[in-house]
Amino acid sequence: VSALGLDPSGARLVTGGYDYDVRFWDFAGMDQALLAFRSLQPCECHQIKSLQYSITGDVLLVVSGNAQAKVLDRDGFNVMECVKGDQYIVDMANTKVCKNSFLNSFCLRNVLKLCV
């Protein structure tokens, strides 16, 4: 496990790992098997670096080892994807996110400005 996120109500946990999987855990609906109710790879072949629920718990920010953050709803379905900066522009004033680097963390309040 490389990233954890707990929703504000404490009812759901989300985990991300080096295996590229994001797993959703629902404590109220969990049985004795203690299995995640959903597992997906939202960022294809990139390790999950950071997971953060919104204040209301309705969306989840997923930051992986690439230059593009994703926003999922609380059930793991894609809501939006952030704009990927042009990696070949040398002038940072002309690119919105990243030049020649990858994301390690991100803050949810910045997402609306950078997503399409």
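A disulfide here is a pair of cysteine sulfur atoms within 2.5 Å. With that cut-off I searched the whole structure and found zero disulfides. C43 is in none, and its nearest cysteine sulfur, that of C45, is 9.8 Å away. I then looked up accessibility, where buried means under 20% relative accessible area, exposed over 50%, and partly exposed in between (1.4 Å probe, protein chains only). C43 is buried at 3%, whereas C45 counts as exposed at 53%.

A note on what I am reading: this is a predicted model, in which local features need pLDDT of at least 70 and side-chain atom pairs count only at pLDDT 80 or more, while totals for chains, interfaces and linings use all residues. Residues are numbered from 1 along each chain as its sequence is written, and side-chain values use heavy atoms, with hydrogens and water left out.

Confidence came next; pLDDT is the predictor's confidence in each residue, from 0 to 100. The protein has a mean pLDDT of 78, and 72% of its residues reach 70 or more. I marked residues 112–116, where the pLDDT is below 50. Beyond near neighbours in sequence, that stretch still has 13 contacts in the model, a contact being heavy atoms within 4.5 Å.

On to the strands, which are DSSP runs of E with at least two residues, numbered from the N terminus. Two strands pair if DSSP finds at least two bridges between them. I see β1 and β2 running antiparallel, joined by four bridges; β2 and β3 are also antiparallel, over five bridges. T15 in β2 is the bridge partner of L4, and R23 in β3 is the bridge partner of T15. Four of the five residues of β2 are buried, so β2 is largely enclosed by the rest of the structure.

I checked both turns for positive phi. In the β1–β2 hairpin, with five residues between the strands, G10 has a phi near 80°. In the β2–β3 hairpin, also with five residues between the strands, Y20 has a phi of about 75°.

P8 sits in the loop between β1 and β2. Leaving aside neighbours within four places in sequence, I find P8 in contact with Y53, S54, I55, T56 and G57.

My last search was for aromatic pairs (ring centres of Phe, Tyr or Trp, its six-membered ring, within 6.5 Å; planes under 30 degrees apart are stacked, over 60 edge-to-face, the rest tilted). The whole structure gave one: F24 and F37, tilted, at 6.1 Å centre to centre with 50° between the planes. F24 is buried at 0%, and F37 is partly exposed at 36%.
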